[in-house]
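Dear colleague,

I am handing over the structure we spoke about, which you will find just below.

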There are 2 protein chains.
Amino acid sequence: VTATSARLLAAGAVDGERLVRHHRQLAQIGATPDGGVRREAFTDEDVRARELVIGWAAARGFAVESDPFANMFIRRAGQRPDLPPVVTGSHIDSQPAGGAFDGAYGVLAGWEALEAIDDAGIETTRSIELAIWTNEEGSRFQPTTMGSAVFAGALSLAEVFRASDAAGHTAGDALRQLLTRLDLAVRREFAFPMHAFVEAHIEQGPLLERAGKTIGAVHTIQGLRWFRIRVHGQTAHAGTTPAAERRDALMAAVSMVEGLSELMRDPSDVVRFTVGRFEVRPGSPNTIPEDVLFTVDFRHPDSAVLSALGDQVETVCRARAGRCEVAVEESLDAPPTVLDAQITQMVRDAGRDLGIELMDIDSGATHDAKYLAGLCPTAMIFIPCRNGVSHTPAEHAEPADMIAGARVLAAVVTELAIDVPNQ
Amino acid sequence: VTATSARLLAAGAVDGERLVRHHRQLAQIGATPDGGVRREAFTDEDVRARELVIGWAAARGFAVESDPFANMFIRRAGQRPDLPPVVTGSHIDSQPAGGAFDGAYGVLAGWEALEAIDDAGIETTRSIELAIWTNEEGSRFQPTTMGSAVFAGALSLAEVFRASDAAGHTAGDALRQLLTRLDLAVRREFAFPMHAFVEAHIEQGPLLERAGKTIGAVHTIQGLRWFRIRVHGQTAHAGTTPAAERRDALMAAVSMVEGLSELMRDPSDVVRFTVGRFEVRPGSPNTIPEDVLFTVDFRHPDSAVLSALGDQVETVCRARAGRCEVAVEESLDAPPTVLDAQITQMVRDAGRDLGIELMDIDSGATHDAKYLAGLCPTAMIFIPCRNGVSHTPAEHAEPADMIAGARVLAAVVTELAIDVPNQ
């Protein structure tokens, strides 16, 4: 078979009913009464979710291995096991009050691709592997995308082992416990050679749904800058202190947020600007606030815009401080990640050949693919989620969209695994 | 002696050194290492502070009685004990991290007036009494000015007995414990007839200090309206949700605060407008806020202004809600209290006669005098406090100002107690 016909065979072998059944099985692990999922990394639910997939792999005779951070790799061997594999996957952990699709969909679509290719009897040159990245959500142990960051060398194992939760337990201890229970073959090195990485995911935003499209070919994972802004004034009696003598940290902070909103105003609605934390002390109705801490989350796919606007955050805050003091700290500066153009074109081509409505899109959220993109050509495939909502029990994707995404994914990984030009 | 000469005799007999010594003694009860005072109502410190004053009274042979809420009355008997007495006083409890002057000064200046009048051998027609009002600060058991409110009938004893602290203990139990330890003669009825009430207090604001004046003749205790504003939006992902689709409770609340600031802008700087609480949920940097609760504390001495501006609070919030919902609840509406013009004129006259720099002033804070004003002609005498600061360990008043205030107070209560026209 040629790569072109093989990818259609693989897409055609996707079993939608099986995919939906697997999704329901996985969603039961950590299911909450409101229809959501609580399956945080390193918990009993994480162990049971991994065991479910390991059981499927065993039934197919696929090898399961892990790296030292329990990132798991399930391998359908190709004809040339010596060549770097084609890898797909996502994460299996959830937010504390999360949904059944974020991460889980990418793992299930990847698994379905492996089964479909296997069922279709396609012999690929390269091996195809399903990756399950550890602790993507970072809810108990920060940061997010911890497993892929360690894998890519952006964080050291020593660093993440020291990460501790609210109770003082470390990620290192949590990982050791997880490994005791799973009996994994810890055989993979971090950043082993890969031919390509493709991650399927729900969009976590409203653009596909609004446009009536089934698939998003992801161009860029937008960049992100985080700021922590501390405003310091002076506490005083609300009834007796004239406005002219106040050093009111809240009023200064409110003015800063207004100023930043003006700075970030964007008629094209691509800028993402959010003040998510805003904490006031002492927080008494009849006392003028002395301290405010607020955060700025600013994202954009274009690094020039990230620089131009982000670099003005401190200026705007200083200009609006009035009689208060202000300290602006940039706590995170992650540049945009432009995904691989060739694989993204394969996604478009597969969509076209399969008659699936598709559009180009940028990713507003961060994904494991961001770290993989530093190691090998990397792409992402998005499917819509209802009302653009995720990280809540209300998170939902339609079965038809899940199946379409799995078909495109199966097609693309097949094409990548068969075509070995000049090697 | 005439009332006019008696008031000068009384003022002249004020012993500044004794006043400052008493102040130091009282400040040691509940003293904190930072120079402040922690002497909350019903605590061991409250008991010991009361015992200190009771000891002074015993040494002078003055009777000490209380009402059922442990409001204490120390009596220097006049020639006509049947006539309603002239009462002065304030409170002896402090904020949890309070200063040594708020309340304490009014009690000590009142006591000094009694001693000065006694030392000068002045026989007054009416009795003069020093009142110590229970739980003015309301830090452990709300509301504030609890003792004077119960005394004046604004709250029932049953109501305040039910008030409970964070640990679930009730003010009723705390009061019973206090009464066990103090062995007071509980003989006074609430709202017994009084000829006049005069309260000395630190200003708790910067106006006297700024104007370089020693005494403030208080015209009005300004009115107060409190609002609780709840803004409800929708939580969503900071990276993926376009501005046009957001229902961002924080951005709506910030816009409301800006709108209210504009509404409350006052070139004459008499309006007091404070947002002291501003709470954001869920409060995560990368999540659009779903809920904000903020408070408005709005004060003014003129009830027409309180109505005109306060009645627009809800309108402004609604106009700025955008795609969010807003609920505005008025939690307190206390009209201004205009103090007695005749007694306030006596304060001015005494200042003039004693060569003390004096100005008219409004009270920004609430005081026990507010409830007394509903029962009898009532006035207040303010002295400056450093930087206008109170309710903190940094609270400070100069001895010279404390002494001047006690002289004016001694003069005024003497005049009130001697002059019995047409009775």
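**Where the chains meet**

In this predicted model, the side chains of B:R210 and A:E245 come together in a salt bridge, with 2.3 Å from N to O. Between chain B and chain A the count of salt bridges is 2, and 14 residue pairs are found in polar contact across the interface, both residues of a pair being at pLDDT 80 or more. On the side of chain B that touches chain A, the elements giving two or more residues are α8 (207-211), α9 (249-264), β9 (272-274), β10 (278-281) and β11 (291-300) of chain B. Of these, α9(B) gives the most, with 7 residues. The residues of that side divide into 20 nonpolar, 20 polar and 10 charged.

As for the extent of the interface, 50 residues of chain B are in contact with 50 residues of chain A. The area buried between the two chains is about 4000 Å², and carbon and sulfur atoms give 58% of it. In chain B, the residues that lose the most area to chain A are B:H237, B:T240 and B:P285, which together make up 14% of what that side buries.

**How the copies are related**

Chain B can be laid on chain A with an RMSD of 0.2 Å by a turn of 180 degrees and a shift of 0.2 Å along the axis, and that is the relation of a two-fold axis. In chain B, the C-alpha nearest this axis belongs to B:V254, at 2.9 Å from it. Because 100% of the interface residues of chain B are also interface residues in chain A, the copies meet through the same surface.

**Details of the backbone**

Most residues other than glycine have a negative phi, and most peptide bonds are trans. In chain A, the peptide bond from A:R281 to A:P282 is cis, with omega near 0 degrees, and A:P282 is found in the loop between β10 (278-281) and β11 (291-300). In chain B, the bond from B:Q142 to B:P143 is cis, with omega near 5 degrees, and B:P143 is in the loop between β4 (128-133) and α5 (146-152).

A positive phi, near 55 degrees, is found at A:D269, in the loop between α9 (249-264) and β9 (272-274) of chain A; with 17% relative accessibility, A:D269 counts as buried. B:F42 has a positive phi near 75 degrees and is placed in the loop between α2 (16-28) and α3 (44-60) of chain B, where B:F42 is buried, with a relative accessible area of 8%.

With best wishes

Technical notes:
Residues are numbered from 1 along each chain as its sequence is written. Chains are lettered from A and ligands numbered from 1 in the order in which they are written. This is a predicted model: local features need pLDDT of at least 70, side-chain atom pairs count only at pLDDT 80 or more; totals for chains, interfaces and linings use all residues. Side-chain values use heavy atoms; hydrogens and water are left out. Contact means heavy atoms within 4.5 Å. Buried area is the accessible area (1.4 Å probe) that two parts lose on being put together, summed over both. A salt bridge is a side-chain nitrogen of Lys or Arg within 4 Å of a carboxyl oxygen of Asp or Glu. A polar contact is a pair of N or O atoms within 3.5 Å; within protein, one must be able to donate a hydrogen and the other to accept it, and residues adjacent in sequence count only if both atoms are side-chain atoms. Helices (H or I, at least four residues) and strands (E, at least two) are DSSP runs, numbered from the N terminus. Ala, Val, Leu, Ile, Met, Phe, Trp, Tyr, Cys and Pro count as nonpolar, Asp, Glu, Lys and Arg as charged, and the others, Gly among them, as polar. Copies are superposed by least squares on the C-alpha atoms of residues with pLDDT of at least 70 in both. Buried means under 20% relative accessible area, exposed over 50%, partly exposed in between (1.4 Å probe, protein chains only).
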